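This report looks at one helix and at the aromatic rings of a protein chain. Please keep the sequence and the structure in view while reading.

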Amino acid sequence: CDLGRQEAFVQEAFNWQGRVDIWVNNAGADLLTGEASQWSFERKLDELWRMDVTATLRLSRLAGARMKARGSG
């Protein structure tokens with residue numbers, strides 16, 4: 001996921017109810033079925049890293065910064 005899409009996702013979450021009090025990341029890339037099941041180990045590892053580590057950390061940081069600025073969350 002690119003940073004612009006992640007920022008838009010966090011913005012949408014905060015707009016939904018006007019605030020966010022808790023943020024839970026539940027990410028996972030399906031690498032066991034479909035086209036991805038045929039990928040090499042290295043490609044699967046790259047996708048897992050992008051989705052499960054990089055994207056979730058970025059989302060947490062974006063949401064956390066908004067919560068911190070608001071003084072709660």
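## The buried side of α2

In helix α2, the residues that count as buried are Glu 47, Ala 55, Thr 56, Leu 59, Ala 63 and Met 67. The model described here is a predicted one, and among the parts that cover these buried residues of α2 is helix α1, residues 3–17.

An α-helix has 3.6 residues a turn, so residues three or four places apart point the same way. This may be kept in mind when finding Ala 55, Leu 59, Ala 63 and Met 67, which are among the buried residues of α2.

## Length and bend of α2

Helix α2 runs over residues 41–70, which is 30 residues, and it spans 42 Å from its first C-alpha to its last, close to the 44 Å expected at 1.5 Å a residue. Along the way α2 bends by about 30° at Arg 50, and after the helix comes Gly 71, whose phi is positive, near 95°.

## Aromatic rings

How many aromatic pairs are there? The count comes to one aromatic pair. The ring centres of Phe 9 and Trp 23 lie 6.1 Å apart and their planes stand at 80°, so this pair is edge-to-face. Because Phe 9 belongs to helix α1 and Trp 23 to the loop between α1 and α2, the pair ties together parts that are 14 residues apart in sequence. Phe 9 itself is partly exposed, with a relative accessible area of 48%.

Two arginines also have their charged ends over rings: that of Arg 43 sits over the ring of Trp 39, 3.9 Å from its centre, while that of Arg 66 sits over the ring of Phe 14, 5.3 Å from its centre.

Definitions and conventions: Residues numbered from 1 in each chain as written. Predicted model: local features only at pLDDT ≥ 70, side-chain atom pairs only at ≥ 80, totals over all residues. Heavy atoms only, no water. Helix = DSSP H or I, 4+ residues; strand = E, 2+ residues; numbered from the N terminus. Expected span 1.5 Å × (residues − 1). Bend = angle between axes of the 7 residues up to and from the residue. Buried < 20%, exposed > 50% of the residue type's maximum accessible area, 1.4 Å probe, protein only. Contact = heavy atoms within 4.5 Å. Phe/Tyr/Trp six-rings, centres within 6.5 Å; stacked < 30°, edge-to-face > 60°. Lys NZ or Arg CZ within 6 Å of the ring centre and 35° of its normal.
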